[in-house]
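This report concerns a single protein model.

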Amino acid sequence: MKKFLLIIAMVSFSYASSQVVVTRVLDVKEGQMEKMMEGVAKKTKMYNSKQGQPLWYTFQILSGDNAQNLWRVQYAESIEELDNEDTQGNAFWQKTVGDLHTSGAVRRWGKATGGSYEPESNELKPLVRALFYNFDPTLADDFWKFRGRLANAHKEANTSTNMTTWWCASGCNGSNAVVFYNYKNYADQSAGNVEIEKAVEKYNELYGNDSYEQDLGKMEASLMPNGQRLRDLMFLPELSSSPVN
């Protein structure tokens with residue numbers, strides 16, 4: 001899930017890649033979660049597990065307004081892949097689980113490679129901490145400068161942190177980005193503070209004394225009121241395509 005687990009003019013093309021994801025919250029009706037999960041697992045195995053089939057990933061939301069509901073994510077190597085409508089899979093979905101849930105807003109995200117750091121590892125880290133940002137487009141440079149420098153600091157410090165950043169290309173309100181951190185469990189999440197400290201030390205070494213605090217302050221100042229939300233998610237392998245290599 002390494003590669004799995006951004007207003008267009010605001011992101012330098014050195015940051016952007018062709019990879020995209022389309023996300024939606026699935027609000028499962030009361031008492032239907034078990035049946036919903038069984039149906040999603042069956043549909044994914046039949047229509048999203050073979051070469052050439054669309055890739056779909058499912059997470060359970062652990063915190064926030066939508067806690068205990070599902071987050072369904074389609075992954076594509078390029079936006080052109082989204083033109084290939086999966087009519088059979090979609091029909092099966094509607095037949096089996098269509099009446100078990102309602103779908104929330106659909107959003108499309110592009111990967112910001114310059115703001116991402118993914119160490120080489122095949123270890124599954126299913127616990128995801130997601131940081132959603134809404135920033136002032138006139139201060140986008142301050143936001144992306146910090147994200148890019150932090151990613152480079154993790155790389156230069158050779159940390160074990162898995163951090164991927166995505167920008168909202170369509171469906172969001174304002175200038176939005178999300179940063180995902182992957183962990184094995186909550187103990188691993190807590191231990192990750194050591195890796196963050198290593199990255200902060202390297203950040204100051206690379207960009208000057210106190211540069212981390214200064215750039216962090218500018219990034220925070222670029223955010224709109226209530227412009228940061230934190231959510232925990234749990235990856236559900238049985239309801240997902242095979243990991244992207």
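## Confidence of the model

Over residues 1–14 the pLDDT stays under 50, and for this stretch the model has 52 contacts beyond four places in sequence. Where pLDDT is low, the predicted coordinates should not be read in detail.

The structure is a predicted model. The protein has an average pLDDT of 92, and 91% of the residues score at least 70.

## The disulfide

One disulfide is found in a search of the whole structure. The partners are cysteine 168 and cysteine 172, whose sulfur atoms lie 2.1 Å apart. A disulfide is a covalent bond between the sulfur atoms of two cysteines.

The link between cysteine 168 and cysteine 172 is right-handed, with 95 degrees about the S-S bond. Both cysteine 168 and cysteine 172 are buried.

## Helix H3

Helix H3 covers residues 140–157. Its 18 residues should span 26 Å at 1.5 Å a residue, and because its end C-alpha atoms are 26 Å apart, the model agrees with that expectation. Just after H3, asparagine 158 adopts a positive phi of about 55 degrees.

## Salt bridges

The model contains six salt bridges. One of them joins arginine 149 and aspartate 215, with an N to O distance of 2.8 Å. This pair links distant parts of the chain, since arginine 149 is in helix H3 and aspartate 215 is in helix H5 (residues 211–221), 66 residues apart. Arginine 149 has a relative accessible area of 22% and is therefore partly exposed, whereas aspartate 215, at 5% relative accessibility, counts as buried.

A salt bridge also connects glutamate 118 with lysine 111, the closest N and O atoms being 2.8 Å apart. Lysine 111 counts as buried because its relative accessibility is 4%. In another salt bridge, lysine 198 pairs with glutamate 195, and the closest N and O atoms are 3.5 Å apart. Lysine 198 and glutamate 195 are three residues apart in helix H4 (residues 186–207), so about one helical turn separates them. With a relative accessible area of 35%, lysine 198 is partly exposed, while glutamate 195, at 13%, is buried.

## Asparagine 48

Asparagine 48 lies in the loop between helix H1 (33–47) and strand E2 (55–61).

The side chains of asparagine 48 and lysine 43 are joined by a polar contact of 3.0 Å. Neighbours within four places in sequence aside, asparagine 48 is in contact with Lys43, Gln53, Pro54, Trp56, Arg72, Asp86 and Ser241.

Technical notes. Residues numbered from 1 in each chain as written. Predicted model: local features only at pLDDT ≥ 70, side-chain atom pairs only at ≥ 80, totals over all residues. Heavy atoms only, no water. Disulfide = S-S within 2.5 Å. Buried < 20%, exposed > 50% of the residue type's maximum accessible area, 1.4 Å probe, protein only. Helix = DSSP H or I, 4+ residues; strand = E, 2+ residues; numbered from the N terminus. Polar contact = N/O pair within 3.5 Å; in protein donor to acceptor, adjacent residues only side chain to side chain. Contact = heavy atoms within 4.5 Å. Expected span 1.5 Å × (residues − 1). pLDDT = per-residue confidence, 0-100. Salt bridge = Lys/Arg side-chain N within 4 Å of Asp/Glu carboxyl O.
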